[in-house]
Amino acid sequence: QAKKEGRNILRFFNQEMQDIINIRTSLEHELRIAAETSQFRLYYQIQVDNSNRVVGAEALIRWPHKKRGLISPATFIPLAEVTGLIVPIGKWVVESACAQLREWKKSHQTSSLTLAVNVSALQFRQADFVTHVKAAVKKYGISASLLKLELTESLLQEDIDITIDTMKALKEIGVQFSLDDFGTGFSSLQYLKQLPLDQFKIDQSFVRDITTNKSDKAIVKTIISMARGLNIEVIAEGVETEEQRQLLIADGCTAFQGYLFSKPLAIEEFEALIQRGVCK
Ligand code: C2E
Ligand code: MG
Ligand code: MG
Ligand code: MG
């Protein structure tokens, strides 16, 4: 009898595990097809200066799924990274961002906007990364200085020399670099100072409680003053309230992104927002 129950328990756990494996396998299969047929969409979130003027945007990927709706990158980017699918997906993102910058070039209202693109470590480490970015810039005839690549601190942990060389090769044509989620990784200041960075992006986890948490406030203030000393711009992400904005301004922050200004929007809505000149 006990043996029988034991087997049932085992089968119960196995079924649950099997379900998880099945979901994961089918999602991976679907992601592979989505990558092969470019079934993704970019959403755009405005970035503003301290007078609320729009200075640029960040491109954020979405996966419109027949059954699951719009899948967030938090769900599929980690899967794309472990399967290597991030490489073709990342290429599509760079290509699409450059195509969008070419469209923006045509209108006075959008021609000077920068467009930030998230780049995964694995993508950045591909031997043809520099060649591909340069080719995309050339293909769409855009100004490389309007393209801003967002890297994460994980790139500082290994092969720092390769990271520096890759960045320098792209800086040669004017591409900008931002360090995303700044403060959440394990950046060594020794390495950090060697990188040709244009911007630090303060992680939203520090911004969230900046009005109530003394440590977060102190960290943000320190990041901003260090950046100023290094002649690097600072943008705060995840700004949701006017109080947060005011504190950040008082500490010397010059660029902002977050729901206070706008959520990430589909291209039509994004352009309508710019047309209305809302934050201008
Ligand atoms: P991230 O680059 O740090 O992007 C910021 C995330 O915060 C975005 O989530 C954005 O929608 C969200 N956000 C913006 N403003 C606010 C706010 O005021 N409050 C809160 N709570 N959240 C806000 P999203 O779009 O879901 O993207 C999540 C992450 O997925 C990104 O974090 C980035 O690491 C990754 N990701 C997105 N697109 C790409 C891509 O094209 N390539 C790669 N490799 N990663 C991407
Ligand atoms: Mg980002
Ligand atoms: Mg970020
Ligand atoms: Mg983040």
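Reader: In the lining of the largest pocket, how many residues are nonpolar, polar and charged?

Author: Rolling a probe the size of a water molecule over the atoms shows where empty space is left. In this predicted model, the lining of the largest pocket has 14 nonpolar, 13 polar and 10 charged residues (Ala, Val, Leu, Ile, Met, Phe, Trp, Tyr, Cys and Pro are nonpolar; Asp, Glu, Lys and Arg charged; the others, Gly among them, polar). A pocket is an open set of points on a 1 Å grid over the protein atoms alone, where a 1.4 Å probe fits, with protein on both sides within 12 Å along at least five of seven lines, and lining residues have an atom within 4 Å of a point.

Reader: Which residues lie nearest the centre of the largest pocket?

Author: Of the 37 lining residues, Glu 58, Leu 60, Pro 73, Asn 118 and Asp 180 lie nearest its centre. The space taken by ligand 1 is this largest pocket (more than half of its atoms lie within 2 Å of the grid points).

Reader: Which residues are closest to ligand 1?

Author: Among the 22 residues that surround ligand 1 (a heavy atom within 4 Å), the closest are Arg 62, Asn 118, Asp 180, Glu 240 and Tyr 259. By class, this shell has 9 nonpolar, 6 polar and 7 charged residues.

Key: Residues are numbered from 1 along each chain as its sequence is written. Chains are lettered from A and ligands numbered from 1 in the order in which they are written. This is a predicted model: local features need pLDDT of at least 70, side-chain atom pairs count only at pLDDT 80 or more; totals for chains, interfaces and linings use all residues. Side-chain values use heavy atoms; hydrogens and water are left out.
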